[in-house]
Amino acid sequence: MSLHTNYPEIREAVVKLCSQYPGEYWRGLDDTSTYPTEFVQALTDAGFLSVLIPEEYGGAGLPIEAGCVILEEIHRSGSNAGACHAQMYTMGTLLRHGNDEQKSKYLPGIADGSLRLQAFGVTEPTSGTDTTRIRTKAVRDGDDYIINGQKVFISRTEHSDLMILLVRTTPREECKKPSDGMSVFIVDMRDAVGNGLTINPIKAMINHSTTELFFDNLRVPAANRLGEEGKGFKYILDGMNAERILIASECIGDTRFFVERATAYANEREVFGRPIGQNQGIQFPIARNYIELQAAYLMVYHAAGLFDEGKPCGSEANMSKMFASEAAWHAADTCLQTHGGFGFTQEYDIERKFRECRLYQTAPISTNLILSHVGIHELGMPKSF
Ligand SMILES: Cc1cc2nc3c(=O)[nH]c(=O)nc-3n(C[C@H](O)[C@H](O)[C@H](O)COP(=O)(O)OP(=O)(O)OC[C@H]3O[C@@H](n4cnc5c(N)ncnc54)[C@H](O)[C@@H]3O)c2cc1C
């Protein structure tokens with residue numbers, strides 16, 4: 001399999017678009033914690049964020065592999081798709097579990113970019129990774145539900161018209177299984193903010209527009225519930241394989257960025273009268289990162305292939321996300337070291353990408369939880385929690 005050659009036209013078009021958003025653009029946004037509005041608009045106008053939406057709703061109806069290629073090239077170019085990648089896959093929950101009315105109401109707008117579905121609200125401060133212990137609850141009141149509670153690290157809420165939200169509709173203690181009793185809603189942020197929903201931005205290590213949310217008697221129409229009441233956890237899980245595979249592709253792009261930058265600098269920078277890349281102490285770590293890149297690529301596109309064939313791919317999606325996020329982190333470290341002091345200066349973009357790529361070992365799922373999944377489900381060892 002040749003690497004980085006699938007969908008060549010898409011790759012070329014993404015590279016061209018990203019060339020209009022060079023390092024200076026991202027550095028400027030980083031300094032002021034500003035959202036990359038122009039970049040996201042350009043991706044939307046080019047149709048890149050709607051490739052996975054079926055043609056009947058106005059998307060391109062392409063396989064997930066096409067989405068992977070887009071995100072890989074964005075990250076390889078030095079840009080960051082974290083500002084908008086959710087527009088590509090969050091709609092999957094609506095597509096799979098929404099009724100016809102909900103799908104025709106929202107999907108065409110999401111496909112043409114007039115509706116932004118960028119926010120996905122699961123994490124809470126007290127439950128963390130243990131999602132079945134979420135406390136935000138929705139109580140039925142006539143044709144509405146009333147929502148109270150709190151979420152944390154919910155990204156892009158200030159740049160989204162809609163949010164997919166997971167809440168409890170039956171207390172955990174009253175359910176047969178802890179994963180029962182949760183439901184998923186589409187929240188229209190344009191109605192909600194100021195009417196029971198408050199958004200507080202969280203300043204973080206990277207410019208990711210992440211926020212905390214407070215729900216104080218927010219009314220949401222029952223018509224906005226996706227699927228059956230109480231089955232929400234399953235609906236959310238269904239979307240996670242796509243998310244993992246697409247994020248893993250961003251990690252592949254990051255790894256390529258670091259390997260290419262490190263190689264170029266190692267060849268060009270002369271110290272002691274010779275290129276630093278002539279020293280094996282500099283050359284070998286970059287070569288090792290390149291080998292990890294190849295392995296990560298094969299894992300990610302293997303998982304994407306299974307997903308596109310409709311085959312089970314939970315472990316493959318998770319393993320590829322973990323391996324690719326670590327490949328990116330190793331390459332980031334090498335790239336920084338290769339650049340000496342200059343790696344720490346903002347103008348090289350290495351320190352920014354170094355910070356940005358670290359996220360993917362924690363979100364959307366942290367490494368330990370993937371290791372535990374593999375230990376239990378692939379290897380048959382006992383669950384520790
Ligand atoms: C920038 C950013 C953006 C995010 N965007 C979103 C978003 O849009 N929507 C959303 O819902 N969430 C979002 N998240 C949340 C993210 O998914 C969580 O931070 C992540 O899943 C980890 O949860 P936690 O922070 O509560 O960590 P915790 O669950 O508190 O875990 C802390 C550490 O302990 C480890 N740990 C916990 N339990 C175990 C165990 N049983 N065995 C071994 N190790 C364990 C974890 O692996 C982790 O390393 C975002 C987070 C960040 C930082």
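**The ligand shell and the domains around it**

In this predicted model, the ligand is surrounded by 22 residues, and Val122, Gly128, Thr129, Ser366 and Asn368 are the closest. Two or more shell residues come from each of β1 (117–121), β3 (144–155) and α13 (367–378); helices (H or I, at least four residues) and strands (E, at least two) are DSSP runs, numbered from the N terminus.

Sorted by class, the shell holds eleven nonpolar, eleven polar and no charged residues. Here Ala, Val, Leu, Ile, Met, Phe, Trp, Tyr, Cys and Pro are nonpolar, Asp, Glu, Lys and Arg are charged, and the others, Gly among them, are polar.

The chain is divided into domain 1 (8–112), domain 2 (117–230) and domain 3 (234–378), with bounds from an automatic or database domain assignment. Domain 2 and domain 3 each give at least three residues to the ligand shell.

The C-alpha centres of domain 1 and domain 3 are 20 Å apart. Their contact involves 25 residues from domain 1 and 25 residues from domain 3, where contact requires C-beta atoms, placed from the backbone, within 7 Å. On the domain 1 side, α2 (23–32), α4 (64–76), α5 (85–89) and α6 (91–97) each supply at least two residues, and α4 has the largest share, ten residues. That side has nine nonpolar, nine polar and seven charged residues.

Residues are numbered from 1 along each chain as its sequence is written. In this predicted model, local features need pLDDT of at least 70 and side-chain atom pairs count only at pLDDT 80 or more, while totals for chains, interfaces and linings use all residues.

Key:
Near = placed C-beta within 6 Å. Contact = placed C-beta atoms within 7 Å.
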